[in-house]
Amino acid sequence: MNEQPLRVVVADDQALVRIGFRLILESEGIEVVAEAEDGEQAVAAVRRSRPDVVLMDIRMPGLDGLEATRRILARGTENPPRIIILTTFDLDHYVYAAMAAGASGFLLKDVTPEHLAAAVRLVRTGDALLAPAITRRLVERFARPAAPDAAAPHRELATLTPRELEVMGLLARGLSNAELAARLQLSEATVKTHVARILGKLGLRDRAQVVVAAYETGLVSVGTPGTP
């Protein structure tokens, strides 16, 4: 049986960017089910077409990509899509905020066609699109210890086992499942189980939020040895 094609919404205020991304994705067998030129249209398109992935420009007129991401991924939303943030900047506090809100990663708009298609396929599997070096610079620049009320989703850090805390710390340093398995002498299946339990206990969506939480709770700090 053939796998159902990936369904994508492209949200960007520049028509040429949307057209270019559509052509790239469709040439790779990925279906673009809707386009949007602002955040309001993006939210409506997602509700109407229920895509697997959204390519979301962070800076758009009216409702911007950050707020659109928050609305799409609001608690209680059933089977929300994965969101990849599009930006012309590799150090942008909006990108960090979008990751904290649940976006699965980010891409620069000058991404190559091959990388774009690969990124969409990657996040559909539930992984996060995180370039460790860029992610480290983002958290160094923008991560702050959460205020007491804002920290509520992460108060259950104490419920993690020592092994889960270890896995979370290594995730925050950018290690893949395969690298985690090698470092901890575990199978990749066991690593995936640990990651799933961390997400469940902390009420987090994916690895991107794990990275943010690790820094904001102080589990990993800027300049920690071994941080990429």
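1. Burial. In this predicted model, buried residues account for 47% of the 228 residues in the protein chain. Buried here means under 20% relative accessible area. The accessible surface of the protein chain is about 11,000 Å². Carbon and sulfur atoms supply 51% of that surface.

2. Overall make-up. The protein chain contains 10 helices and five strands. Take the contacts between residues at least 6 apart in sequence: 67% of them join residues at least 24 apart.

3. The sheet. Five strands form an open sheet with parallel pairing. Their order is β2-β1-β3-β4-β5. Strands β2 (31-36) and β5 (105-108) stand at the edges. Each has a single partner strand, so one side of each lacks a neighbour in the sheet. From one strand to the next, the twist averages 25 degrees.

4. The β1-β3 pair. Strand β1 covers residues 7-11, and strand β3 covers residues 53-57. The two pair in the parallel sense over four bridges. For a place to look, find Val9: Val54 in β3 stands opposite.

5. Helix α2. Residues 39-49 form helix α2, which packs on the sheet. Helix α2 touches β1, β2 and β3.

6. Helix α5. This helix spans residues 113-124. Helix α5 lies across β1, β3, β4 (82-87) and β5. Its direction runs at about 125 degrees to β3.

How values were computed
Residues are numbered from 1 along each chain as its sequence is written. This is a predicted model: local features need pLDDT of at least 70, side-chain atom pairs count only at pLDDT 80 or more; totals for chains, interfaces and linings use all residues. Side-chain values use heavy atoms; hydrogens and water are left out. Two strands pair if DSSP finds at least two bridges between them. Axes are lines fitted to C-alpha atoms, for helices over the stretch in contact, and angles run from 0 to 180 degrees between N-to-C directions. Contact means heavy atoms within 4.5 Å. Buried means under 20% relative accessible area, exposed over 50%, partly exposed in between (1.4 Å probe, protein chains only). Accessible areas come from the Shrake-Rupley method with a 1.4 Å probe; for residues, only the protein chains shown count as cover.
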